[in-house]
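I opened the model today to look up a few places in it.

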Amino acid sequence: MEYDNQNKRIFVRQSWLGDALMCPERARLGLIHPERRGASDATIMGTAVHSGIEKFLNTEQMDFSEVVATSVREWNKLSEEPHKKSSGINPAEAPRLIEAMTLGFMEVIAPSVERGGKTEMKFTSPTGLSVDGYDVFLKGTMDYVAPSGVIWDWKTAKRAYNQKDKQAHSVQASVYAMAVGEMGLCPDPNNVDFRFGIMMRLPVAKAQIVPVIRTAEHRNWLRDQIESVVIMAHRLTLDTPWLKNDQGNLCSPKWCDHWANCKGAFIASVDDE
């Protein structure tokens, strides 16, 4: 959540909103200590694969080896920078994993991606909400928006996604769908087509497309959620602790950068390990 006090605006990003809905205190600490949210071996590998996909979509003709080479170069650059080694990735195996994920993209995902769209599309979009005199906006960057209005988000993951879970719970899909609808980039804002393109972090190519549909009902529910979160955050301020939720596997030192300053300050071990 960001403030523009001069113009009386509050900006909400989907990643922060997801944190706030999962654990409000995690969202608060993320605003106070952004330096704790460092890169990991898994995130920089995802960034590297993204770079190859982006270049592929922005180049009229580009063969598989060039896409792989682009991603490996980005990995080599990012891996030299400080990052957490939390996913057990052997750096020596990184080029092989990147090649397999790229092959998965080219074979499974790319044939369904309409070319000629917008990559890394930054957006700022109104929500129609106002909290204590501040207008609330969505803000972020979408991986790819096709000319037809289909939204794509590229993911690298250890395992496949569950489509029913994403359809029921994806905050990212809801936020991007609302923004695309507000910007007039899709034919029907009440029936927005969002798709995850997932590449599994495996030595063999494995990928999937996970479709998510967002309707007017999802948009209205998202707006209601945003309003409740912004009211809480704005009125409690960052000086007051927010609700601390440990009811899930993501409350752990592996997944939360603030563990040591929250639950980890009381419980040294992870109970579910």
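**Ground rules.** This is a predicted model, in which local features need pLDDT of at least 70 and side-chain atom pairs count only at pLDDT 80 or more, while totals for chains, interfaces and linings use all residues. I number residues from 1 along each chain as its sequence is written, and side-chain values use heavy atoms, with hydrogens and water left out.

**Entry 1: a helix pair.** I looked up how helix 3 (residues 41-57) and helix 5 (residues 94-109) lie to each other, and found that their axes come within 10 Å and cross at roughly 45°. Helices (H or I, at least four residues) and strands (E, at least two) are DSSP runs, numbered from the N terminus. Axes are lines fitted to C-alpha atoms, for helices over the stretch in contact, and angles run from 0 to 180 degrees between N-to-C directions. Helix 3 and helix 5 are therefore oblique to each other; angles under 35 degrees count as roughly parallel, over 145 as roughly antiparallel, 65 to 115 as roughly perpendicular and the rest as oblique.

I then listed the residues in contact (heavy atoms within 4.5 Å). From helix 3 they are Met45, Ala48, Val49, Ile53 and Phe56, and they meet Ala94, Leu97, Ile98, Met101, Phe105 and Met106 of helix 5. By class, this contact of helix 3 with helix 5 has 11 nonpolar, no polar and no charged residues. Ala, Val, Leu, Ile, Met, Phe, Trp, Tyr, Cys and Pro count as nonpolar, Asp, Glu, Lys and Arg as charged, and the others, Gly among them, as polar.

**Entry 2: the cores.** Which residues have the most contacts inside the largest nonpolar core? They are Trp16 and Met142, in a core of 40 residues. Helix 7 (residues 171-182) gives the most to this core, with eight residues. A nonpolar core is a set of buried Ala, Val, Leu, Ile, Met, Phe, Trp, Tyr and Cys residues joined through side-chain atoms within 4.5 Å. Buried means under 20% relative accessible area, exposed over 50%, partly exposed in between (1.4 Å probe, protein chains only).

Leaving aside neighbours within four places in sequence, I find Trp16 in contact with Met1, Ala27, Leu31, Val229, Ala233 and Trp242. Another core, of 29 residues, lies apart from the largest one and has Met62, Val72, Ile98 and Trp152 among its members.

**Entry 3: Ser170.** I found Ser170 in the loop between helix 6 (163-169) and helix 7. Is Ser170 buried or exposed? Its relative accessibility is 8%, so Ser170 counts as buried. Not counting residues up to four places away in sequence, Ser170 touches Asp165, Phe196 and Arg214.

**Entry 4: Pro211.** Pro211 lies in strand 7 (residues 207-215). With a relative accessible area of 36%, Pro211 is partly exposed. Residues it touches, beyond four places in sequence, are Gln163, Gln167, Phe194 and Arg195. Pro211 and Asp193 are 18 residues apart along the chain, and their C-alpha atoms are separated by 7.2 Å.

**Entry 5: positive phi.** I noted Glu120, in strand 3 (residues 118-131), for a phi near 45°, a positive value in a residue other than glycine. Asp132, in the loop between strand 3 and strand 4 (134-145), has a positive phi near 50°.
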